[in-house]
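Hello,

Here is the structure I promised to pass on to you. Please open it and keep it in view while you read the notes below.

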Amino acid sequence: MHRRIRAALASALVLGLAGGALAAPAVADSPAVADCPAAADHPAAPTGRGPDAAALRAALAGLPDQDATAALIRVGGNGSWRGSAGVRKLGTDSRALDHARFRAGSTTKVVTAALVLQLAAEGRVDLNASVETYLPGLLPTAFTQPVTVRQLLYFTSGIQPGTSFGDTVEQEFPHRFETLTPEEVVASGLAKGPAFDPGTRQQYNNIDYTVLGMLIEKVTGDSYEHQAAVRIFQPLGMRDTSFPRSGDPRIHGPHNRGYQLMGGKLVDVTEWNMSDRWAAGDMISTTRDLERFLVALFRGKVVPQPQLRLMFTVPDIPGASRSAGLERLEVNGRVVWAKTGSRPGYHTVIAATCDLSRTLVYSVNSTDAKGNGGNKTVQRFGIPAFNR
């Protein structure tokens with residue numbers, strides 16, 4: 001097998017814009033929110049007001065600075081705005097490339113969710129079936145209740161995070177060229193036993209979507225990467241989106257360098273083997289490509305109805321805010337569906353109102369993308385896009 005493995009929007013963004021059947025509790029499949037199933041049928045009505053360009057320009061002013069070395073922003077919907085600032089590489093006068101490729105982090109999960117839902121639409125995956133139906137022997141005996149595919153999509157499986165090279169970027173940095181395969185990560189998480197009964201809580205993690213990547217490969221008999229390419233990237237013209245070859249730490253093609261503040265110094269973290277994140281966070285893309293994907297997805301061009309509804313449905317579980325791949329947030333009176341992605345040196349956001357009256361895609365070379373710097377990045381570059 002190939003390598004693997006709310007609160008209002010202001011506060012939810014700050015924290016993360018940040019993170020069936022067979023005896024599964026019925027609560028896991030009960031929708032609390034399903035308010036965006038018809039983006040394709042109800043195009044945005046013109047409002048005569050475009051995005052707050054002054055606020056967006058202010059966000060870009062002064063780059064590079066202590067929080068970010070570069071930023072690329074695309075705002076669309078009723079009116080559009082594009083902007084970039086910063087440098088391609090510290091210590092040089094080279095302007096940041098507005099077409100740069102970057103590590104898109106956990107926005108990868110939206111692609112993975114879309115692939116699973118496509119397979120469900122084709123009748124090849126039953127979302128209420130146990131994961132064991134497709135990956136027999138995967139779950140150890142400690143899992144006395146079945147985990148369903150739907151629960152993986154909704155982050156309600158109870159599977160615990162797997163092993164890593166550390167809890168902080170500083171701890172992981174010395175191991176950045178080493179490989180932890182997704183299979184190793186999944187096995188180590190499953191060995192801990194369940195954190196809670198499947199379907200009773202929502203806990204954001206990477207491991208659920210790593211297992212979904214394995215499921216995609218088993219069902220299709222093909223690599224996850226190739227399925228993403230032929231089912232999504234190529235049909236949508238996402239020509240600059242791909243996954244690294246196994247263990248490859250580089251970003252191939254034009255890109256802006258990524259930096260992390262460590263020990264009071266900015267350290268170049270551009271080269272990093274992210275293979276353990278795989279179907280949960282290893283995608284490399286551009287703001288143009290992610291905007292294409294976001295708009296097509298909301299218009300029903302990627303996942304058909306009724307499966308698309310699951311991407312705009314939050315399970316009826318206390319505290320839940322995430323759907324299949326996205327998160328429901330509120331900012332300035334608007335419901336926004338979004339996903340963030342953070343890898344060392346790179347912070348990404350894709351977000352839109354369900355009628356596509358406002359869309360946002362950005363990539364920011366945050367100097368603390370995995371920590372509080374990600375929160376600052378969302379406040380600075382994300383919130384202004386939804387000012388009006």
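A residue counts as buried when its relative accessible area is under 20%. Please also keep in mind that this is a predicted model.

With that cut-off in hand, have a look at helix α11, which covers residues 287-298. Its buried residues are T287, R288, D289, L290, E291, F293, L294, A296, L297 and F298. From first C-alpha to last, α11 reaches 16 Å, close to the 16 Å expected at 1.5 Å a residue. Just after this helix comes G300, with a positive phi of about 80°.

Now go to helix α3, residues 108-121. This helix has 14 residues and spans 20 Å between its first and last C-alpha, close to the 20 Å expected. It is mostly covered as well, with 13 of the 14 residues buried. Here the glycine to find is G123, which takes a positive phi of about 80° just after α3.

The last stop is a loop. Between β11 (346-352) and β12 (358-366) you will find S357. Is S357 buried or exposed? With a relative accessible area of 13%, S357 is buried, because that value is under the 20% cut-off. Which side chains does the side chain of S357 contact? Another, of 2.8 Å, joins S357 to the side chain of D355.

Key: Residues are numbered from 1 along each chain as its sequence is written. This is a predicted model: local features need pLDDT of at least 70, side-chain atom pairs count only at pLDDT 80 or more; totals for chains, interfaces and linings use all residues. Side-chain values use heavy atoms; hydrogens and water are left out. Helices (H or I, at least four residues) and strands (E, at least two) are DSSP runs, numbered from the N terminus. Buried means under 20% relative accessible area, exposed over 50%, partly exposed in between (1.4 Å probe, protein chains only). A polar contact is a pair of N or O atoms within 3.5 Å; within protein, one must be able to donate a hydrogen and the other to accept it, and residues adjacent in sequence count only if both atoms are side-chain atoms. The expected span of a helix is 1.5 Å times one less than its number of residues.
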